[in-house]
Amino acid sequence: MPPTSTDVSHYLPIGVLLLIAITFAVVNVVASGIIGPRRQGAVKGTAYESGMNPLSSARKRFNVRFYLLAMAFLVFDVEIIFLFPWAATFAQVGARSDDAALFLGRVLFFLLTTVIAYVYAAKKGVFRFD
Amino acid sequence: MSALMNAQTFVSLHVLIIVLHVILLTVAYLIYLERKISAYIQDRVGPNRVGFDFGVLPFKFGFWGLGQPLADGIKFLLKEDYTPNGADKALFTLAPVLMIIPALIGWAVIPWGGHIEVGDIYVAGFHLVAAGPAQVIGANVNIGVVYMLAVASLGVYGVTLGGWASNNKYSFLGGLRCTAGMISYEIPLGATILAVLLIAGTVRPDRIVEMQADQGWFILSFPLAAVFFYICSLAESNRAPFDNAEAEQELVGGYHTEYSAMRFALFFLAEYAHMITASALLVALFFGGYHVPFIPWTHPEAVGIGPMIVKFLAFFTKVLLSICLMMVIRWTIPRIRYDQVLKLAWGALIPLGIALVVATALMVYMGWTQIWQLLLMNIALAGALLFSIPLLPHERVNRRIPIAGSRFSPLAGERAHAAPTHPAALRESGVAGPDDGLVSAH
């Protein structure tokens, strides 16, 4: 079988790939900036809003719904990430053993707290998007 | 004397270089493929002129328009890379870079071709590579799927920054919508992967693929999870019918409205690279990776250069089939309205994903992990879903509002007009209009 150790050198290729990706992106952006023409203009510099003159800056307050959504996302995404180590090891505990029951019970309790959070958010109208 | 690198590093670096080029070339030709598929669906011809004569060579070299991606690339490079006056210049430049980097590094943990044996390699007497077994994988790390999830979710930064830095209302709204959509669909994506991991008992994609070669593909045990995963990966890579970020009719180009030249091209490339990564993960998790039944060379036990190439081709063919399905979906299914996209995630996919995880955990606890048992569980869950739909609370948001004089939605008790009543329409149709001068609402 191939090595499955947690050798740090296994992460080296990711670093190499990251460097390649950064180089690819930066070289493309810089090259296009150098090669392409540059012509400025007052009208050309305005934001494109379908031919209308832009009325104001786009840096405005926006709907609070997006904040609520981001908060709800944090709750659920962190929960999912916490479940990954459990999911990867649960199959090895042994079916119907006491350990497995304890393991499963704790996770179900954890999920129950999330369900409570979900119901609360739903009652508060976080998931009403219309 | 110890060698400079072990066999795994040696193989990984080669895989990275080769697959990176394959992916970049594939991305370029996916754009061509998408234009061809859309053309055939819409009864057009699509790009068929540009060849490899570059306009300067004496002979005409048509090649069904296969030179189109090259021409597009050169054109992207030669166009003006414009930054609007109101934009935040630094973030405006940073956004496409932040978009393309996660798209290009996400596939590093995909097991393209099983494992091979590497012999000792000496270069001019210098011990370069130590002999040993190695995975044909970009990075043989033991966090596998978690790494892919983490990297895939980084793509949201490019969208958010691009939309905000442009200082354009369309871009801003597009960026907001896209951010909300991408983060919403990340949760069911994680939940469906959790269901698979519960059975597989590992987060290493290569182990998951080997397991599927032994026990049957996970699409058989988890058809429901595969469908959820596919829906979520469509939304994660901003593909139709979830591409509200760039809904042309409402938001012009969405978050890349203000972008031009290569910075726009990077956004574009990132979308297609995301499609490849998402499809590769789908194939690795549900469709047996490189394994094809009845072909011994695609079995994990087959080791060597020949089987490795066959496995890679099998894997990539599956990925391309998945991408073709994505393209057909884009050109046949209309875009879902924005609030419905989020409703689908929060109202349906997230509760269902968590229900799937709980159900799978109970199955694992009971020791019922045969394919038919899991398939029954999936069918039971889908049946429960279908039967519970009429019981769920419904909001009537799409009511028809009656309008005075309307042909399509008349007021209660009013006769629906079957003929045009507007004076202008009547003049045009040559029918004498009513003399009372009634002006309808339509």
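Which side chains meet in a salt bridge across the interface of chain B and chain A? Please set the answer in the context of the contact as a whole.

Modeller: The model is predicted: local features need pLDDT of at least 70, side-chain atom pairs count only at pLDDT 80 or more, and totals for chains, interfaces and linings use all residues. Residues are numbered from 1 along each chain as its sequence is written, chains are lettered from A and ligands numbered from 1 in the order in which they are written, and side-chain values use heavy atoms, with hydrogens and water left out.

The side chains in question are those of B:Glu80 and A:Lys44, with an N to O distance of 2.7 Å. A salt bridge here is a side-chain nitrogen of Lys or Arg within 4 Å of a carboxyl oxygen of Asp or Glu. By this rule, one salt bridge is found across the interface of chain B and chain A.

Helices (H or I, at least four residues) and strands (E, at least two) are DSSP runs, numbered from the N terminus. The most is given by H5(B), with 17 residues. By class, this side of chain B has 60 nonpolar, 21 polar and 14 charged residues; Ala, Val, Leu, Ile, Met, Phe, Trp, Tyr, Cys and Pro count as nonpolar, Asp, Glu, Lys and Arg as charged, and the others, Gly among them, as polar.

As to extent, 95 residues of chain B and 78 residues of chain A take part in the contact, which is defined by heavy atoms within 4.5 Å. The two chains bury about 7200 Å² between them, 72% of it on carbon and sulfur atoms. Buried area is the accessible area (1.4 Å probe) that two parts lose on being put together, summed over both. Of the area that chain B buries against chain A, 11% is supplied by B:Lys169, B:Trp346 and B:Tyr365, more than by any other three residues.
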